[in-house]
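Here is a colleague's note for someone opening this structure for the first time. Please keep the model in view while reading the points.

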Amino acid sequence: MMSSAQYGRLLSEEIDEIPLDEIEIQPLNAESETTESSFVFSPSDRNLPEYSWNHIDNLDLFFARIYHYHQRGGLVCIIASEFFTLVRIIFVIVISTLLIGCVDYPLLFADRLFLPNSTHRVTLEDVIYPPDQCLPELPFWIKFVIICGFILLLFRFLSAVKEVSTYYQIHRFFTKTIHVSPSELGDLTWYDVLQKLILAQKNYQVFIHKTDLSPLDVYQRILRHENYLVALVNRELIPVKVRFKLFGDHYFATESFMWCLEFLFFTSPWSLFRSSYMKDSVKSRESRSYIIADLRTQSRVLALIILACSPLLVLYQTLLSFLSYADVIKKDPGWLGGRNWSNFSLYRLRHYNELGHELHARLSRASQPAREYMEGFRSELTVIVAGNVAF
């Protein structure tokens, strides 16, 4: 049996040998392509002590779920993460409503007295209106924002329920098939889980198109979409470079921008992919002009939708960022001047078939040399401005 280090060296050697033109992994036969957006487990013999997962409709999603289940720490951690995400959204909605419409600011800042000729000491209960008094008097636009917030909360709740139910199936696969209990999961590396998954292939035939499963098979299916994005960035087919007359070239690849690309290419109902595979119409040269026109139209429609929702998105992100980082900035103002890898660099420097934790581990080792290199291009004007802003 190969050790974790041997698996790491094997993956590194195989990744370096993959040419750019071969990153698109085609199905081995027509039957392997599926339009399902989820995976289905088919137990072959219910008399066995555990189910045999011998047919899975969407292996890409299945392997990706296994990877994320391990990286996120198991089912309990996933449930806790989804729960506190919902709590955070509720907190942002409640605290925003409270601060905007339910606080008597003139009384809070002593612009008026609690009672005429009164020496009463104002308390927190005195400056906060009760909900039945402040909510009906809120302006229409605030009520609209609150309604949108609760709609977002509803969608996020439904997504969390679906996420937990899906990972519960993965939890059963870990405990019943590859025999990894929740208490053991934290002590296993990804390469240990990968070894157990390869051994499970021999017993349960998870991958029905091949007898043996290799690490590269798993990596290519997990990272199929990421490999396409890496190729598009490397070939400069994604417009991430913006040229300003006064400031020169800058790379623009925010989280929202990359999410829009993933939505257009992979997850929207009109995306270039059907499930995990590129549509045949996209590969055809005859239909290329129509595909380009459709993608241009979809991009414009998505841009208009995001533009219409931008006030709400900006308000939510501003409040969330303030509540998340205000205490950090107060205790460590130098945190604002810290350097970090941009989203563009995460794709530009990423190898094909390189998982997220492997990429971050490699970039963490490169952080100190990169910081020392950037110090050689320090702008004195930037130092002066930053010093005065910090003061």
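1. Axes and helices. An axis here is a line fitted to C-alpha atoms, for helices over the stretch in contact, and angles run from 0 to 180 degrees between N-to-C directions. Helices (H or I, at least four residues) and strands (E, at least two) are DSSP runs, numbered from the N terminus. This is a predicted model: local features need pLDDT of at least 70, side-chain atom pairs count only at pLDDT 80 or more, and totals for chains, interfaces and linings use all residues. Residues are numbered from 1 along each chain as its sequence is written, and side-chain values use heavy atoms, with hydrogens and water left out.

2. Overview. The protein chain has 17 helices and four strands. Buried residues make up 32% of its 391 residues. Buried means under 20% relative accessible area, exposed over 50%, and partly exposed in between (1.4 Å probe, protein chains only). A contact means heavy atoms within 4.5 Å. Among contacts in the chain with a separation of 6 or more, 66% join residues 24 or more positions apart.

3. Helix 12 and helix 14. Look at residues 255-267 (helix 12) and residues 288-331 (helix 14): their axes come within 11 Å and cross at roughly 140 degrees. That makes helix 12 oblique to helix 14. The cut-offs: under 35 degrees is roughly parallel, over 145 roughly antiparallel, 65 to 115 roughly perpendicular, and the rest oblique. Helix 12 passes helix 14 in a right-handed crossing. Right-handed means that the near helix is turned clockwise from the far one by less than a right angle, left-handed that it is turned anticlockwise.

4. The residues of that contact. Helix 12 brings C260, F263, L264 and F265, and these meet L295, Q298, S299, L302 and I306 in helix 14. By class, the contact of helix 12 with helix 14 has seven nonpolar, two polar and no charged residues. Ala, Val, Leu, Ile, Met, Phe, Trp, Tyr, Cys and Pro count as nonpolar, Asp, Glu, Lys and Arg as charged, and the others, Gly among them, as polar.

5. Helix 7 and its partners. The axes of helix 3 and helix 7 (residues 140-176) come within 9 Å and cross at roughly 175 degrees. Helix 3 is therefore roughly antiparallel to helix 7. Their contact has 17 nonpolar, four polar and three charged residues. Helix 2 (residues 59-71) meets helix 7 at another angle: the axes come within 10 Å and cross at roughly 85 degrees. So helix 2 is roughly perpendicular to helix 7. From helix 2 come F62, R65, I66, H68 and Y69, and from helix 7 come E163, T166, Y167, I170, H171, F173 and F174. The contact of helix 2 with helix 7 divides into seven nonpolar, three polar and two charged residues.

6. Cysteines. How many disulfides are there? The count comes to one disulfide, taking a disulfide as a pair of cysteine sulfur atoms within 2.5 Å. C102 and C134 form it, with sulfur atoms 2.1 Å apart. The link of C102 and C134 is right-handed, with 65 degrees about the S-S bond. C102 lies in the loop between helix 3 (75-101) and helix 4 (105-108), and C134 in helix 6 (residues 131-134), so the pair ties together parts 32 residues apart in sequence. Both C102 and C134 are buried. C309 is another case: its sulfur is 7.9 Å from the closest cysteine sulfur, in C148, which is too far for a bond. C309 is partly exposed, at 35% relative accessible area. C77 is also partly exposed, at 40%.

7. Covered and open places. Helix 10 (residues 215-222) is mostly covered, with eight of its eight residues buried. Among them are D217 and R221. L124, in helix 5 (residues 124-127), is exposed, with a relative accessible area of 59%. L124 and V103 are 21 residues apart in sequence and 9.5 Å apart in space, C-alpha to C-alpha.

8. Positive phi. H179 has a positive phi of about 55 degrees although it is not a glycine. H179 sits in the loop between helix 7 and helix 8 (182-185). N353, also not a glycine, has a positive phi near 60 degrees. N353 is in the loop between helix 15 (343-348) and helix 16 (356-375). N353 is buried, with a relative accessible area of 2%.
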